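I'd like to walk through some helix packing and then how the chains split into domains. Have a look at this while I talk.

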Amino acid sequence: MKSECKNMTAIICIFCLLVGITGCKSSDKADRESKKTLTVIAETMFRRTVEEAADYMMEKDPDMEVKIQFLPDNQEKRETEIQKLRTQIMAGDGPDVYLLDNLREDTTVSQTPLFENPYKTMQSGALASLERYMEEDTYWENGTYKKEFLTAGQYEGKQYMIPLSCSYEVLMSETADIENLSDKTLGEWLEEAKQSDNERLKEVMRGRDMTAGRWIYNAADYEKQEVFFDKQKWKTFYISYHMYRKSEWEQYIEPKKEGDVFGRSDRVDFIDDSIKAVALIPDLEGRRQAWVQAFGAVGMSCEDKESAYQFLMLFLNNEIETERSKQGKDTFVKGCIDMEIPVQESAIESRWKEIGISDEKVQIILESFREVEGAYFTTSVEQFLTNSVEEASWRCDDPNIDLTQWEAEASEFAEKAWNDYNMLVSE
Amino acid sequence: MAKKRVWTAGCAVLILLLTCTVLSMRVEKMMRIEVETVTAVKEEQDSELAKIPISCYNEDKSSFFYAHERKGLFGAELVAVKKESYPIDEEEEMALIVYTEGFDSTGMKPLKIVSQSSWPLEEGDLLVLKEDREVDVVKQIQILACFTAILLPGILLLVRCVKRFSDLRDGNWKAGIESFIIIGIWLGSIFSLTGKLDIPREYLPPEYILDIGFYINEIQEFKLLEYYGRELLICIVCVGFIWFGSILAVFFCCTYRKSRKSK
Amino acid sequence: MIIICWYQSRRLEGVRTMRKKNNGLLLALPQLAGFLVFYFVPFLITVWYSVSFGIGEREFVGLDNYKELFQNEMFLLAVKNTIKYMSVTVPITLAAAMLLAAALQNTVKAVRFFQMSFLYPMILPIASVVLGVQFLWGAGGAWNRLLRAVGVEGTDWLQTPAAFWVLCALYFWRFAGYYILIYLARLQMIPKEYYEYAALFGANEKARFRYITLPTLVPTILFTLILSVMNAFKCYREAFLLGGSHPDNSIYLLQHFMNNNFQNLNYQKISSAAVSIVAALLFVTGVICGLYLLMKKGEKYG
Amino acid sequence: MVRIKRQKRVIFFLILAAVLFFPVIYMLICSVWKGVDAGLSFMSYYDVFLESPGYLVKFWRSLGMCLLISAGQTVLACMAGTAFAKYSFIGKKIWLVVMALFMVLPIQVTLLPNYILLEKLGFLNSWKALIIPGIFSPFGTVWLTFIFRSLPNEWLDAARLDRANQLQIIRYIIVPASKPAIVTLFVLVFVESWNMVEQPVIFLEEQLDYPLSVFLAGVAQNSIGIQSVCGLLCLLPVTFFFLYYHTELTDGLRDTLWS
């Protein structure tokens, strides 16, 4: 009998040991806050616009509280913060609204993004589809949003991500004789640059190594799991580009006039009065596309998706602007979340008018904006291509570099890019 | 036999690491660079410009440092952060900058811009606000002297306590507790003594406290020997006396124990 | 209900032996309870994640995730590579560890002093390991300089399929010491009398190893087999630092697949992959235990 | 003939020693060597030991955590190991197979469910989140089961004659008999929990609470010197354990049991 009761006491003490360890679960879930909270995750460079939108949202809806978390700039802190965020998202208590910046192909500027590959994140079910709210919203009918950009944020017909700003490269020439370039491919532009005496065209073509990831736009379709990256075309262009650059380098003495450089990569917002015509730089297949810079999305685990969508749209519709103009105040949020190129014509117009660009130039910018056929998200492969080609082109000026060296480099980069695209698509 | 030696070696390393931890806390506190900070002051009410002293900028006038508060291991600490900014123009010795540059990224909190620092700053250096206090060199020398004074007897005591520590392994608790107490006293005394030390940062080397070369030419330069020669002499004598006394004490109790054991 | 009456029936007919039935439960209770709470419940969560989709409120989708997983070509490549990786590294490491342990077992005590250094490769910080590997096999590394001295043009080994052998060498170097220690700990417990007794009957070194050391090691070998699978997954940080998140096809392992999907927030794929790994291993261990029991029924010893 | 045999063996072990001690020598060089131009400098030792208490405080925290995990796991493993090896209870075989299998799950898989579970238990952002899952890991139990199975049962029956209860049996018969295995288990679990990187990053909030291993896993090239010094710091406890338990590890069964 004695051993029985000894056993019982032992069981009881072990049991309370385990309860002690696992107990102490403070039931903080009990006092459900009365206020609805909206958690937002954003990049530090959107700070001013996001904070102003949050203040506006709290004014409009008093019992709504907007909590903003900014991804740190310091690389190490950002790494651990993103690791933690990813676990929280998958565990189901991630943030409600995402306002993120896409991967930039220039590694000196780029930071690790929260969504490594936006296309894959859309497949993972972490984001909520926004069709329901977009039908009710009048903005999509009478707003000037460029509908082609929406396809970048769609997967299986559902809209998961909304691009908020984009970026594309242009050729800005002082003389108006570039109409004949409008429907040509990048390869033909290179031939054109060899004969033509348009200094700006030569500079742009010499600077192609700065954005080598953009030689073929949108090289993979993640939904149909196909890769359009044409290795052969890429290799031939690589070799002809380097031969052209080597010949130009030998004749290049010093800039003819102030502002001329050896290689140039322009964007529309560098426009000034001397520009007469603007032409979008095509890729090897002759397509003209922009790439998404900032984009917004709503988390699947968000309880109040309606107000999350409203908050997201504050950066597109001019609700804040009209409200603030009634109160006589000025606002930062003018149809765009950051200083990249806005995704709607009304915002482009208002921004460049404010800077004081003449109407005629603004029309040229809008003209180039209408020429854009679509947008896509940058991935790590474009980043790899841009860096490796940029590095390779630095060696272009020492004399003993010859054709075989370029061929070897070209096939190595193209092979790796093709391999990585296939991995990304089918993973 | 080997177990005993390993156990004593382990305790010695343990005590060494504990002393290093305590010392490093004090060294970090002492090596904080003293700075004077200033905030961007608006000229007139509505103008967009503000004035800060020229001395805030580095040589090529491309950036200035500001003291940023962050949560450290032991409470809040100030750290130097570099900020890019270019002065619009310079009057006699004040620089004109855009008002918003004097504020942090949220635009509400004014930055504590470093105008004067005892040593050239680098990113991530720990800072402390300079309060002008009268430094009593004599007192510092005395504290330093008694710090060195307790070094030798302390080490001898520790050696004895490490031996006693090994008895703990054989199970007699009394020796264990005693050696714990000795270690506690040793660490406490180091901590409090170095705490009282209050040497202004200019007299300490730029970033490497054991930089003997710096101390030597500092003594020659300020000719400290002439002014404080007398106090230095007294302290050296006391330290010598204490060290000699402790060696004697150890020698005496060794012979006493040997005689007790042989009886 | 069924378990209780099954349990009662067993108690009644069991002869009351010296060892009472079920008195071990009390001893094992804390470990079993802790294991249940901190390892079994999370595994159930993983299984639930692998059969459902979405984040926040998840809806049941049955085996879609598994179907999608086994159609995923990268997953099949990763499995093939991992099996090849393990079939190369595990036998070599275990065999080498066993031979070294046996050799070290009855040597001069001073030599045993090195026993503690077996664990040092495990403690070395990852950054210096990668630095060392790049120093040896990197583009301008020592290996290439040696080859260039001999006249052969050295390539950057880390990008070519040869990186696979670099990874195997890394695994061997890092975990050989680990297994030697485990085997040594087991061999220490064989009383010396067995060996002296065998020596009496004129058994030479090889026979002693074959008939005494090996049979006692069999359960530990089974254990280290499972351990080596666990450690293979631990080697992913070096592979990740050497080859990046998308390495050469030859060293694209399961860990890369899981890590990339973790980055892409696609937890369904990881959980279904994990559950299928556990199922495969369950099958493999079942087969091994079957063989072991068969062999054991053959001759009784130990 | 015997002398050649011994020489062969000594050479063999010299090579083995060189291979095994290479990491330590390599770390010593890294901690002192500052590149071709800078030459030798002890700055990284000064940085770790004297300049700021950050590294040492992290070292104490890591040491405390690893000791707790290893001690806890060894004690539980001894108890559960004897239960599995010597006693019988319902479903013993199934438990063993399930435990062995769950050791294999890779870290990316177990990270998320553990996070969910610990969040429900309220352990997040405290040392409990790292230590308690470590204590209950099945690694020790499965291994000690294999080890204890080889101990003859007669010893237990003899002890039972003197009416020793289960804990006394473990304390006086089983643990001394398999001391090499238990010490090795203690050290292996210590090293295992020393290299924990993913869990602290996910379960702890502030950067300051992270143990030393998170810093050691950083790949920043400029801090290789400091990382090597911290690596050497970690060698101290492991070396101490081995030297202290040297006799048990080398002499095997005969001396320990009857001494």
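This is a predicted model: local features need pLDDT of at least 70, side-chain atom pairs count only at pLDDT 80 or more; totals for chains, interfaces and linings use all residues.

Which residues do the touching? From α2(A) you get A:Val50, A:Ala53, A:Ala54 and A:Met57, and across from them, in α10(A), are A:Ser307, A:Gln310 and A:Phe311. Sorted by class, that contact has five nonpolar residues, two polar ones and no charged ones.

Okay, over to chain B. Here I'm looking at α1, residues 2-30, against α3, residues 173-196, and these pack at about 20° with axes 9 Å apart. An angle under 35 degrees counts as roughly parallel, so that's what we call α1(B) and α3(B). This crossing is right-handed too, α1(B) over α3(B).

On the α1(B) side we have B:Ile15, B:Leu18, B:Thr19, B:Val22, B:Leu23, B:Met25 and B:Arg26. On the α3(B) side they meet B:Ile183, B:Trp186, B:Leu187, B:Ile190, B:Phe191, B:Thr194 and B:Gly195. The tally for the α1(B) and α3(B) contact is ten nonpolar, three polar and one charged.

Last pair, in chain D: helix α8, residues 138-149, and helix α11, residues 179-194. Their angle is about 160° and the axes are 11 Å apart. How do α8(D) and α11(D) run relative to each other? Roughly antiparallel, since the cut-off for that is over 145 degrees. Again, α8(D) passes α11(D) in a right-handed crossing. α8(D) brings D:Phe139, D:Gly140, D:Trp143, D:Leu144 and D:Ile147 to the contact, while α11(D) brings D:Ala181, D:Ile182, D:Thr184, D:Leu185, D:Leu188 and D:Val189. That makes nine nonpolar and two polar residues, with no charged ones.

In chain A, domain 1 is 35-167 plus 290-355, and domain 2 is 169-287 plus 377-426. Their C-alpha centres are 31 Å apart. Domain 1 of chain A puts 27 residues into the contact and domain 2 of chain A puts in 22 residues. Together they bury about 2,100 Å², with 56% of that coming from carbon and sulfur atoms. Which residues of domain 1 of chain A lose the most area to domain 2 of chain A? A:Glu105, A:Tyr119 and A:Trp291, and together they account for 34% of what that side buries.

Chain B gets two domains as well: domain 1 is 2-30 plus 136-198 plus 223-262, and domain 2 is 35-129. The C-alpha centres of those two are 44 Å apart.

And chain C: domain 1 is 2-50, domain 2 is 64-301. The contact uses five residues from domain 1 of chain C and eight residues from domain 2 of chain C. The area buried between the two chain C domains is about 550 Å², 70% of it on carbon and sulfur atoms. On the domain 1 side of chain C, C:Thr46, C:Tyr49 and C:Ser50 supply 77% of the area buried against domain 2, more than any other three residues.

That's my tour, so over to you for questions.

How values were computed. Residues are numbered from 1 along each chain as its sequence is written. Chains are lettered from A and ligands numbered from 1 in the order in which they are written. Side-chain values use heavy atoms; hydrogens and water are left out. Contact means heavy atoms within 4.5 Å. Helices (H or I, at least four residues) and strands (E, at least two) are DSSP runs, numbered from the N terminus. Ala, Val, Leu, Ile, Met, Phe, Trp, Tyr, Cys and Pro count as nonpolar, Asp, Glu, Lys and Arg as charged, and the others, Gly among them, as polar. Domain bounds come from an automatic or database domain assignment. Buried area is the accessible area (1.4 Å probe) that two parts lose on being put together, summed over both. Axes are lines fitted to C-alpha atoms, for helices over the stretch in contact, and angles run from 0 to 180 degrees between N-to-C directions. Angles under 35 degrees count as roughly parallel, over 145 as roughly antiparallel, 65 to 115 as roughly perpendicular and the rest as oblique. A crossing is left-handed if the near helix is turned anticlockwise from the far one by less than a right angle, and right-handed if clockwise.
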